[in-house]
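Here are a few exercises to work through with the viewer open. Try each task on your own before you read its solution.

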Amino acid sequence: MRKLLLGTLSLIAMAAPAFAADLPARTYNPPPPVVAPVLYDWTGFYIGANGGWAQSHNCVDFLPVGGVLVADACANKSGGIFGGQIGYRWQWGGGVVFGLEAQGNWANVQSTTISAANPAFTLTSKLDALGLFTGQIGYAWGPSLLYVKGGAAVVDNNLFISDTFTGTPLATISSNTRWGASVGVGFEYLLTPNWSVGLEYDHLFMGNDNNSFSNPNAAVVLNRVNQNVDMITARFNYKFGWGGPGVARY
């Protein structure tokens with residue numbers, strides 16, 4: 001019995017390597033790599049350019065020599081604008097974004113109308129430049145940002161009065177700068193970690209402004225201009241950031 005047991009174990013020992021060689025090779029499938037979600041961070045300084053369209057709505061009142069202020073004509077005129085902006089944004093608590101921005105634009109918006117009080121006079125108001133100094137608050141989701149803004153506005157106008165029939169200049173105010181307020185709304189989208197594009201609408205409330213003309217012989221020596229400006233601009237921004245938007249965080 002003992003010899004039989006030893007013989008059986010010997011046969012099993014000799015057959016084991018051959019049996020193991022016939023077994024299929026073990027395969028190892030590593031788990032798929034963990035992909036971190038992409039988080040967009042709007043925090044940082046940015047600088048950019050903008051261009052678009054603006055419309056200036058002007059109403060003019062006259063004060064003839066020794067007379068009483070008389071409401072006269074209103075006119076709308078639109079034209080192109082181009083400029084740039086610089087600002088800083090903070091993203092807090094997920095999607096809430098706060099910002100401060102300064103914007104400056106060159107403009108070519110001129111309004112010309114014949115005086116209703118005296119058709120012998122033609123009134124011309126030309127918007128040459130404008131600036132905005134605003135705060136922003138918005139909400140970001142993914143690469144998108146929707147925001148509202150508001151603050152101060154400044155415009156630079158040139159005002160002219162000329163003879164309707166001959167075109168002869170009668171009175172001029174050059175570089176009339178006036179301050180007002182502005183409100184706006186915009187949408188911005190990240191194209192790359194640092195570049196974004198956007199679209200913005202702003203309304204400027206410039207109020208009333210009294211002006212004295214430089215020609216003492218003109219029939220009209222004082223006017224009051226009420227002005228509002230609407231503008232739509234396309235914007236391109238480059239953000240300087242530590243890590244920048246679109247960087248994965250673990």
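Two ground rules before you start. Residues are numbered from 1 along each chain as its sequence is written, and side-chain values use heavy atoms, without hydrogens or water. This is a predicted model, in which local features need pLDDT of at least 70 and side-chain atom pairs count only at pLDDT 80 or more, while totals for chains, interfaces and linings use all residues.

**Exercise 1. Describe the stacked pair formed by Phe133 and Trp179, and say which strands hold the two rings.**

Step 1: Rings of Phe, Tyr and Trp (its six-membered ring) pair if their centres lie within 6.5 Å; planes under 30 degrees apart count as stacked, over 60 as edge-to-face and the rest as tilted. The whole structure gives 8 aromatic pairs.

Step 2: Phe133 and Trp179 are 6.1 Å apart centre to centre, with 25° between the planes.

Step 3: Locate them. Phe133 is in strand β4 (residues 121-141) and Trp179 in strand β6 (residues 169-190), so their pair ties together parts 46 residues apart in sequence. Strands here are DSSP runs (E, at least two residues; helices are H or I, at least four), numbered from the N terminus.

Step 4: Check accessibility (buried is under 20% relative accessible area, exposed over 50%, partly exposed in between; 1.4 Å probe, protein chains only). Phe133 is partly exposed at 41%, and Trp179 is exposed at 55%.

**Exercise 2. Which residues touch the most other members of the largest nonpolar core?**

Step 1: Define the core: buried Ala, Val, Leu, Ile, Met, Phe, Trp, Tyr and Cys residues joined through side-chain atoms within 4.5 Å.

Step 2: The largest such core has 13 residues, and Ala54, Leu127, Val155, Leu204 and Met231 touch the most other members.

Step 3: Trace the strands. At least two residues each come from β3 (96-114), β4, β5 (144-163), β7 (195-212) and β8 (220-240); β4 gives the largest share, 3 residues.

Step 4: Another one, of 7 residues, lies apart from it and includes Val60, Phe62, Leu123 and Ile161.

**Exercise 3. Is Asn237 buried or exposed, and what does its side chain contact?**

Step 1: At 1% relative accessibility, Asn237 is buried.

Step 2: Its side chain makes a polar contact with the side chain of Gln85, at 2.8 Å. Such a contact is a pair of N or O atoms within 3.5 Å; within protein, one must be able to donate a hydrogen and the other to accept it, and residues adjacent in sequence count only if both atoms are side-chain atoms.

**Exercise 4. How far apart are the C-alpha atoms of Gly84 and Asn50?**

Step 1: Start in strand β2 (residues 70-92), where Gly84 is found. Gly84 is partly exposed at 23%.

Step 2: The two C-alpha atoms are separated by 5.5 Å, although Gly84 and Asn50 are 34 residues apart along the chain.
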